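Biologist: Hello! I would like to learn what the words in a structure description really mean. Could you take me through one?

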Amino acid sequence: MTARVTDAEIIGVKHNMLTPIVEVEKIGDKRAFRCECECGEYTDVQLNHLRNGRTQSCGCLREQKKYPNVHRSIINCYRGMKKRCYDTKNKSYHRYGGRGIIVCREWLDDPSLFHTWAINNGWEKGLEIDRKDNDLNYSPYNCRFIKSKPNSQNQQRSRYWFVDGVRYESSRDAASVLKCSAATIRRRCNGKVLQSGNYSPPDPNCWSEPKYSEK
Ligand SMILES: [Zn+2]
């Protein structure tokens with residue numbers, strides 16, 4: 001019998017594309033952790049699958065292998081859209097699937113039709129998909145690619161991030177110095193509402209504040 005691994009030996013230690021953030025309810029009778037994937041998605045994985053490499057990503061890796069010539073961000077754009085509309089555990093579900101927003105049939109049935117549409121309709125790395133009419137579905141007629149809205153990335157750069165009391169210019173800077181993901185920095189500084197509904201508070205001596213005074 002091997003000794004039980006402590007959380008400190010697991011949390012934050014990356015296996016393949018996955019970095020465990022917090023222990024969650026057991027899957028079957030196995031310990032499980034919520035992990036952040038390199039692609040930014042979250043997924044709950046059994047500890048043994050994490051360690052033996054049976055699970056290496058949130059699923060994006062498998063998808064990428066299926067469509068080796070499609071840029072990862074197009075694949076993630078598609079997966080994100082589907083999750084917002086159909087995954088009740090997704091944090092944005094209430095604003096999409098929960099309001100009856102769906103993905104049009106042709107895209108849902110055949111991801112490669114979406115990939116082709118994206119490439120032919122202004123997709124560039126760094127852009128995000130937008131629905132022109134917020135009450136209509138994801139479809140070729142209602143979608144376009146736009147620069148990310150403020151409140152996501154732009155806001156990250158307008159704040160200082162303090163981790164263990166040390167100031168960083170952005171969550172990305174802190175992440176590269178501390179060798180973790182920017183999402184981990186944001187969780188450590190802001191705390192996070194977990195899918196279980198529990199709130200995990202910021203770490204001691206970690207916070208973020210605006211660089212410019214907020215009006
Ligand atoms: Zn992933």
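Here we talk through the terms used for this model.

Modeller: This is a predicted model, where local features need pLDDT of at least 70 and side-chain atom pairs count only at pLDDT 80 or more, while totals for chains, interfaces and linings use all residues. Residues are numbered from 1 along each chain as its sequence is written.

Biologist: What is the mean pLDDT of the protein chain?

Modeller: pLDDT is the predictor's confidence in each residue, from 0 to 100. The mean for the protein chain is 86, and 91% of its residues reach 70 or more. Over residues 151-156, though, the pLDDT is below 50.

Biologist: Which domains is the protein chain divided into?

Modeller: Domain 1 (7-60), domain 2 (67-147) and domain 3 (153-210); such bounds come from an automatic or database domain assignment.

Biologist: How do you know that the span of helix α4 agrees with what it should be?

Modeller: The expected span is 1.5 Å times one less than the number of residues. For helix α4 that should be 21 Å, and its end C-alpha atoms are 21 Å apart, so the two agree.

Methods
Contact = placed C-beta atoms within 7 Å. Helix = DSSP H or I, 4+ residues; strand = E, 2+ residues; numbered from the N terminus.
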